[in-house]
Amino acid sequence: MGFELRDHTADIAVSATGDSLESVFAAVADGLAAASCDEIPAETGDRFSLSVTAERREALLFDYLDELIYLRDTRAELPADHRVDSIAGPASADGSSADGKPDDWHLEASARGVPLAAVDAREVKAVTYSEMRLERVGKGEPGSWEAYVVFDV
Amino acid sequence: MTTFDANGITLERVREHVWEIPQEGDMRVPARVLASEALLEEIKEDKSLEQITNTTHLPGITNHAICMPDTHQGYGFPVGGVGALDAEDGCISPGAVGYDINCGVRMMRTNLTYDEIQGREEELVDSLFANIPSGLGGGGIVEPGIDAVDEILARGVDWALENGHAVEEDLRHCEDEGMREGADPEKVSQKAKDRGKNQIGSLGSGNHFLEVQRVTDVFDAGVGEAYGLEEDQIVVLIHCGSRGLGHQTCNDYLRKIEQQHKGLLDQLPDKELAAAPAGSQLAEDYYGAMNAAINFAWVNRQLIMHRTRRVFERVFDRSWESMDMHLLYDVAHNIAKKETHTVGEDGEERELYVHRKGATRAFPAGHPEVPKAYRDVGQPVIIPGSMGAGSYVLRGGENSMDLTFGSTAHGAGRLMSRTQAKNEYWGGDVQQDLEDQQAIYVKAQSGATIAEEAPGVYKDVDEVVRVSDELGIGDKVARTFPVCNIKG
């Protein structure tokens, strides 16, 4: 459960597991924060909410991470301590449908915004689709969702 | 036939430093790797060869997909990759340009000599670090309103000139005179502009840096003279790109392609190669947005260069003009440009989107797109090394049009992952060693960045340049060595 930073020649990859889609999304986001900063102070910064919609499950993960990077730059805060409160998909689909509608998948999340001035952080430029994986590997048990995401540094 | 086994991928030797992965399966053309066997031994250790093979699946790819000598694994397209895609019935790929659109380097000359700054290095590095924004959230040199961002996107360095951040001569020593035709600010999203507006005139972090260097060798006196370079001279090298504006633009278009051209995307072995078909509205829109982001990056480097002039004025108590601080040249590393090239055995002229990702344009002497100032000798190419090794100035070689669509390498190329680098090096030690052993003064926002960018994580830049020179795609002109380095 949680995430690990993985080797990549030029960039950084995050490998994450969770017992639900919500927890694996939050674990990847925590990996993004860890890739940006070695020591994140525990109490600094206020929580903020965000919501994201996309046409597929993987696209939702991509857009969620893209939104966090956007919010980092425009709020001048490093988003940390991620919570994904809910992820809702189309009632009948398993999320892998190729031609989903733009709002088929919806995510509600929050994060603590640590002021960039308070941390020794470096810039992760972007989330990439390269080698991205988001898979269910079991049902309900710990570690039943796995994700792998490469970030451009 | 001589072959090289790269962990299951067989490369066939075409001639010295030219290797080919033959066309098979869904590959549309063969892939080529321009490298010595020593460099191949390093290249084969990551996914570079798999990635360049994937690139050959792009529609309209012409002749070969090509790895430059400094190639390493990227995302989708390898870093150090060149792919020329037909502009009529091929495609344009935001993923093959990369996130940091027009990441690049520029070199500024001075008439100072190394003797004149010895003893002043700490003062200089401190002043540069204090005055040039770097790292995450450090702001920019200017913080314009959104209208000014649109102007920057449309006009490039011409905006900087009008607003007192450039002189006329700067435009004449930049590719396209610092302004891409066809830039369309309306095709850059509001999100991208929001990210960019607080970052105009900032280095960022990662491998971006500003370095004061001394010229240690001039290998070609004639070309060196044309470039205004001589031994012992101080120069300044600036490496950065289009910041969050470019990163966001790339992602915006990757997602649009996913939604609008899924049929093409499904044919590609790596989703990060996402491409818009030539002639489609999205291809036009992306080209307009990318050109706008190119302008943004040029202004970014221009503002940093002009601020550097002011820093030198304060430290050396003289006007920058009296120190002859002029732009030598500015090259882009992550870019797709519509160019006309002669292809095929019958010498047909075709318009191509030449994608250079972690590769540098290297047009030879006489080419009409080389700025007039350098047309007789060839386009300057600037190859930064690591902060503990030399950098090089090359000139576009006469074989570059035939071998590489007028391209060569862009740097040393990474060898070691960032995570491994942080395990092997400690930033403070690296910084101290550089100062004690090589008189290189480094200052960074983050010790982790120094560890991740330690000289040992890069390939041997000398070998990369040797191969470029021997192939005649980029000829050695001069070598420089770091004196002061600031980074994010």
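Me: Is Val119(A) buried or exposed?

Reply: Start with the cut-offs: buried means under 20% relative accessible area, exposed over 50%, and partly exposed in between (1.4 Å probe, protein chains only). Val119(A) has 13% relative accessibility, so it counts as buried. Keep in mind that this is a predicted model, where local features need pLDDT of at least 70, side-chain atom pairs count only at pLDDT 80 or more, and totals for chains, interfaces and linings use all residues. Residues are numbered from 1 along each chain as its sequence is written, chains are lettered from A and ligands numbered from 1 in the order in which they are written, and side-chain values use heavy atoms, with hydrogens and water left out.

Me: Where does Val119(A) lie?

Reply: Helices (H or I, at least four residues) and strands (E, at least two) are DSSP runs, numbered from the N terminus. Val119(A) lies in the loop between β5 (105-115) and β6 (126-127) of chain A.

Me: What is Val119(A) in contact with?

Reply: Contact means heavy atoms within 4.5 Å. Leaving aside neighbours within four places in sequence, Val119(A) contacts Cys37(A), Glu39(A), Pro41(A) and Val114(A).

Me: What confidence does chain B have?

Reply: pLDDT is the predictor's confidence in each residue, from 0 to 100. Where pLDDT is low, the predicted coordinates should not be read in detail. Chain B averages a pLDDT of 95, and 100% of its residues score at least 70. The model as a whole scores ipTM 0.92 and pTM 0.96.

Me: Which residues touch the most other members of the largest nonpolar core?

Reply: A nonpolar core is a set of buried Ala, Val, Leu, Ile, Met, Phe, Trp, Tyr and Cys residues joined through side-chain atoms within 4.5 Å. The largest one here has 121 residues. Phe25(A), Tyr64(A), Leu65(A), Leu124(B) and Val212(B) touch the most other members. Helix α13 (residues 281-316) of chain B supplies the largest share of this core, 19 residues. A second, separate core has 65 residues, including Ile43(B) and Val343(B).

Me: What does Leu65(A) contact?

Reply: Beyond its neighbours within four places in sequence, Leu65(A) meets Val28(A), Ala29(A), Leu32(A), Val127(A), Val149(A) and Phe151(A).

Me: How do I read the crossing of α6(B) and α13(B)?

Reply: Axes are lines fitted to C-alpha atoms, for helices over the stretch in contact, and angles run from 0 to 180 degrees between N-to-C directions. Under 35 degrees counts as roughly parallel, over 145 as roughly antiparallel, 65 to 115 as roughly perpendicular and the rest as oblique. The axes of helix α6 (residues 146-155) of chain B and α13(B) come within 6 Å and cross at roughly 100°. That makes α6(B) roughly perpendicular to α13(B).

Me: Which residues meet there?

Reply: From α6(B) come Ile152(B), Leu153(B), Ala154(B) and Arg155(B). They meet Ala292(B), Ala293(B), Asn295(B), Phe296(B) and Val299(B) in α13(B). The contact divides into 7 nonpolar, 1 polar and 1 charged (Ala, Val, Leu, Ile, Met, Phe, Trp, Tyr, Cys and Pro count as nonpolar, Asp, Glu, Lys and Arg as charged, and the others, Gly among them, as polar).

Me: What does Val315(B) touch?

Reply: Val315(B) also lies in helix α13 of chain B. Its relative accessible area is 6%, so Val315(B) is buried. Not counting residues up to four places away in sequence, Val315(B) touches Arg120(B), Glu123(B), Leu124(B) and Ser127(B).

Me: Where is Asn102(B), and what does it touch?

Reply: Asn102(B) sits in the loop between α3 (94-97) and β8 (104-113) of chain B. With 0% relative accessibility, Asn102(B) counts as buried. Residues touched by Asn102(B), beyond four places in sequence, include Cys240(B), Ile294(B), Trp298(B) and Asn334(B).

Me: Which residues of chain A does His72(B) touch?

Reply: His72(B) lies in strand β5 (residues 65-75) of chain B. His72(B) is buried, with a relative accessible area of 5%. From chain A, His72(B) touches Thr9(A) and Ala10(A). Its contacts in chain B include Asp46(B), Ser48(B) and Lys459(B).

Me: How many residues of α2(B) are buried?

Reply: α2(B) is mostly covered, with 7 of its 8 residues buried. Among them are Ser48(B), Leu49(B) and Ile52(B).

Me: What phi does Asn63(B) have?

Reply: Most residues other than glycine have a negative phi. Asn63(B) is not a glycine, yet its phi is positive, about 65°. Asn63(B) lies in the loop between α2 (48-55) and β5 of chain B. At 32% relative accessibility, Asn63(B) counts as partly exposed. Glu177(B) likewise has a positive phi, of about 50°.
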